[in-house]
Amino acid sequence: MTSPAPPPDPALPAPAPLLEQGSLTTADGHQLPYELSGTRDGAPALYLHGGPGGTLGSGYRRNAPADGTLLVGMLQRRIQEGSPGGGLAAQTTANLVGDIELLREHLGIDSWIVQGVSWGSTLALAYAQAHPHRVRAVVLFAVTTTSRWEVDWITEGVGALYPEAWDALATLAEQRTQFRRDPLGHGRAEGSLRLVDAYRDMLADPDPQRVREAAAAWIDWEDAHIGIGLPHPGTQGGLPRSEVQQLEFARLVTHYWAHDGFVADWAAGWGAEPGSGLLGGMHRLAGVPGVLIHGRRDVSGPVRTPYLVHRAWPGSTLRIIEHEGHGGPEMAQLWRAAMTELTGSGRAPSGRR
């Protein structure tokens with residue numbers, strides 16, 4: 001479980017002041033809480049949180065200049081209990097991209113800088129490829145594309161680095177599902193159910209106690225592997241605190257990851273090879289500047305992913321911090337520097353209609 005967060009660092013800038021809080025309702029009844037901060041005549045910028053199932057918090061409001069940015073934070077759709085498919089039927093990346101467009105239109109913003117953290121970077125890339133004419137620039141932090149390789153790595157491959165924690169995760173799945181590890185004890189056996197599929201199924205068990213046990217095991221696993229390279233391991237991953245939040249988080253993560261982020265064929269609509277995922281659609285971002293910020297020690301998401309994104313996106317800059325992992329102070333400093341440059345780079349300061 002996560003520990004209490006450390007006290008605020010007085011050396012960090014204060015979060016941009018809140019200007020407005022509101023909520024939109026989608027056509028299928030989902031609520032989309034949002035908040036505006038900074039200054040109303042600043043360059044519009046969207047922030048997409050991690051997870052899926054993460055939160056906004058206030059930390060993201062430190063990473064854009066408050067006097068030059070109209071910063072928009074949107075809480076991604078949650079699980080609708082009692083809805084078809086256990087409340088997850090409407091949880092797709094295409095729907096999340098549609099939610100972003102709904103918010104942009106509601107706020108009267110013509111184009112904006114799109115920022116994404118971890119899972120939020122997958123969503124940012126999906127949105128930018130779908131609506132490149134609405135994107136001024138992209139800033140990605142702890143870069144992911146949620147490909148099959150990435151999902152299998154974070155749920156199985158990285159167990160080679162955290163064998164004790166992975167053993168606990170895998171053992172529960174072996175006891176309750178058709179998941180089977182290979183004879184050496186790491187990764188799944190040939191023909192076995194994927195571990196992420198096993199946990200998705202366990203989290204839909206009709207027995208509430210079994211569901212709570214599966215959610216706790218999943219959160220413990222996330223807490224273990226995400227902490228390397230962070231100044232306060234176990235406190236900086238943005239993981240939920242309460243049991244209810246942990247359950248929703250685990251259900252959303254395993255749902256999206258079991259479907260490989262719903263992006264395996266995303267770029268096929270843009271003429272790319274089917275199955276190429278977000279990498280196949282990077283040509284859609286021609287002329288859109290991008291900044292990719294990643295930690296070399298991010299064992300949850302190896303540098304391979306931002307490197308491949310950068311290689312496929314000539315307009316991007318890749319910044320790797322050698323001694324940080326899935327986040328860290330120097331990475332956040334680069335994020336602030338990128339936003340300062342992009343909001344004061346000579347572009348028209350306002351994207352409001």
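1. Threonine 69 is buried, at 1% relative accessibility. The model is predicted, so this and every later value is computed from predicted coordinates. The residue belongs to strand 4, which covers residues 69-74. The side chain of threonine 69 reaches back to the backbone oxygen of proline 65, at 2.9 Å.

2. What does threonine 69 touch beyond its neighbours within four places in sequence? The contacts are Ser37, Gly38, Thr39, Gly42, Ala43, Ala45, Ala64 and Thr343. Of these, alanine 43 also stands opposite threonine 69 in the strand pairing. Thr343 is a contact from elsewhere in the chain; helix 9 spans residues 329-343.

3. Strand 3 (residues 43-48) deserves a look. Six of its six residues are buried, so strand 3 is largely enclosed by the rest of the structure. Ala43, Ala45 and Tyr47 point one way from the strand. Pro44, Leu46 and Leu48 point the other way. Both sets are buried.

4. Which strands pair with strand 3? Strand 4 is one partner, running parallel to strand 3 and joined to it by six bridges. Strand 5 (residues 112-117) is another, also parallel, over four bridges.

5. Eight strands form an open sheet in the order 1-2-4-3-5-6-7-8, with mixed pairing. Strand 1 (18-25) and strand 8 (316-321) are the edge strands, and each pairs on one side only. From one strand to the next, the twist averages 20°.

6. Strand 8 has its pairing with strand 7: parallel, over six bridges. Here isoleucine 293 stands opposite arginine 319. Helix 8 (residues 304-312) packs on the sheet and touches both strand 7 and strand 8. The direction of helix 8 makes about 160° with that of strand 8.

7. Helix 9 (residues 329-343) lies across a run of strands: strand 3, strand 4, strand 5, strand 6 (135-141), strand 7 and strand 8. Its angle to strand 6 is about 175°.

8. The structure holds 19 salt bridges. One of them joins the side chains of glutamate 35 and arginine 61, at 3.8 Å from N to O. This pair links distant parts of the chain, 26 residues apart. Glutamate 35 sits in strand 2 (residues 31-38), and arginine 61 in the loop between strand 3 and strand 4. Are these two residues buried or exposed? Glutamate 35 is buried, because its relative accessible area of 8% falls under the 20% cut-off. Arginine 61 is buried too, at 11% relative accessibility.

9. Arginine 188 and glutamate 156 meet in another salt bridge, at 2.7 Å from N to O. The two are 32 residues apart. Arginine 188 lies in the loop between helix 4 (163-176) and helix 5 (195-202). Glutamate 156 lies in the loop between helix 3 (148-155) and helix 4.

10. Aspartate 260 forms a salt bridge with arginine 194, the closest N and O atoms being 3.2 Å apart. Aspartate 260 is in the loop between helix 7 (243-258) and strand 7 (290-295), and arginine 194 is in the loop between helix 4 and helix 5, so the pair ties together parts 66 residues apart in sequence. Both aspartate 260 and arginine 194 are buried. Which residues belong to the network that includes this pair? Salt bridges with shared partners join Arg148, Asp152, Glu156, Arg188, Arg194 and Asp260.

11. Overall figures for the chain. There are nine helices and eight strands. Of the 353 residues, 56% count as buried. Among contacts with a separation of 6 or more, 71% are between residues 24 or more positions apart. The accessible surface comes to about 14600 Å², and carbon and sulfur atoms account for 54% of that area.

Note on methods. Residues are numbered from 1 along each chain as its sequence is written. This is a predicted model: local features need pLDDT of at least 70, side-chain atom pairs count only at pLDDT 80 or more; totals for chains, interfaces and linings use all residues. Side-chain values use heavy atoms; hydrogens and water are left out. Buried means under 20% relative accessible area, exposed over 50%, partly exposed in between (1.4 Å probe, protein chains only). A polar contact is a pair of N or O atoms within 3.5 Å; within protein, one must be able to donate a hydrogen and the other to accept it, and residues adjacent in sequence count only if both atoms are side-chain atoms. Contact means heavy atoms within 4.5 Å. Accessible areas come from the Shrake-Rupley method with a 1.4 Å probe; for residues, only the protein chains shown count as cover. Two strands pair if DSSP finds at least two bridges between them. A salt bridge is a side-chain nitrogen of Lys or Arg within 4 Å of a carboxyl oxygen of Asp or Glu. Axes are lines fitted to C-alpha atoms, for helices over the stretch in contact, and angles run from 0 to 180 degrees between N-to-C directions.
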